[in-house]
Amino acid sequence: MHLRSVNAIESQPYPYSVDNHYHYSLLNMFPQNYQYDYRFQDFQYFVVIDFEATCDKEKNPHPQEIIEFPSVIVSSTTGQLEACFQTYVRPTCNQLLSDFCKDLTGIQQIQVDRGVTLRSAP
């Protein structure tokens with residue numbers, strides 16, 4: 001039996017293998033009548049991380065630095081959000097965000113100025 005994952009953006013199923021086990025994502029909610037017995041998992045939670053980094057339209061700053069460290073914990077059995085975490089990270093090499101970066105990410109200069117260093121991010 002091959003388990004399939006669901007691409008949350010396109011709602012298209014696709015398989016992926018981790019340690020020779022097939023897993024699937026519960027990012028899209030299953031219908032109310034879906035049988036829970038068919039959700040085979042080797043783990044109880046997903047940790048989803050979506051970093052944001054320094055960027056510019058004309059040229060990428062070097063090095064690109066993480067400016068936001070967000071994550072959410074999702075139950076693999078229910079697909080429900082269990083917890084979330086977010087902190088802003090103060091860049092050390094390219095300390096001023098470009099207008100392009102601020103527009104693209106929605107992160108403002110004051111947020112990263114008040115942020116922590118990447119080393120101290122929890």
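The largest nonpolar core of this predicted model consists of six residues, namely Cys 55, Ile 67, Leu 97, Cys 101, Ile 107 and Val 112. Such a core is a set of buried Ala, Val, Leu, Ile, Met, Phe, Trp, Tyr and Cys residues joined through side-chain atoms within 4.5 Å, where buried means under 20% relative accessible area, exposed means over 50%, and partly exposed lies in between, with a 1.4 Å probe and protein chains only. Leaving aside residues up to four places away in sequence, Val 112 touches Ile 67, Tyr 88, Val 89, Arg 90, Pro 91, Leu 97 and Ile 107, a contact being heavy atoms within 4.5 Å.

Because this is a predicted model, local features need pLDDT of at least 70 and side-chain atom pairs count only at pLDDT 80 or more, whereas totals for chains, interfaces and linings use all residues. Residues are numbered from 1 along each chain as its sequence is written, and side-chain values use heavy atoms, with hydrogens and water left out.

The protein contains two helices and eight strands, which follow one another from the N terminus as β-β-β-β-β-β-β-β-α-α; helices (H or I, at least four residues) and strands (E, at least two) are DSSP runs, numbered from the N terminus.

| Property of the protein | Value |
|---|---|
| Residues counted as buried | 29% of 122 residues |
| Contacts joining residues at least 24 apart, among those between residues at least 6 apart in sequence | 41% |
| Accessible surface belonging to carbon and sulfur atoms (Shrake-Rupley method, 1.4 Å probe) | 51% of about 8800 Å² |

The loop between strand E6 (52–53) and strand E7 (66–75) holds Pro 63, which is joined to His 62 by a cis peptide bond with omega at about -5°. Glu 65 also has its place in the loop between E6 and E7. Glu 65 is buried but has no salt bridge, and the nearest side chain of opposite charge, that of Arg 90, is 9.1 Å away; a salt bridge here is a side-chain nitrogen of Lys or Arg within 4 Å of a carboxyl oxygen of Asp or Glu. A polar atom of the Glu 65 side chain does, however, lie 2.9 Å from the backbone nitrogen of Asn 94.

By this rule the count comes to one salt bridge, formed by Asp 99 and Lys 102 with their closest N and O atoms 3.4 Å apart. Asp 99 is exposed, with a relative accessible area of 56%.

Note on methods:
Lys, Arg positive; Asp, Glu negative; His and termini not counted. Polar contact = N/O pair within 3.5 Å; in protein donor to acceptor, adjacent residues only side chain to side chain.
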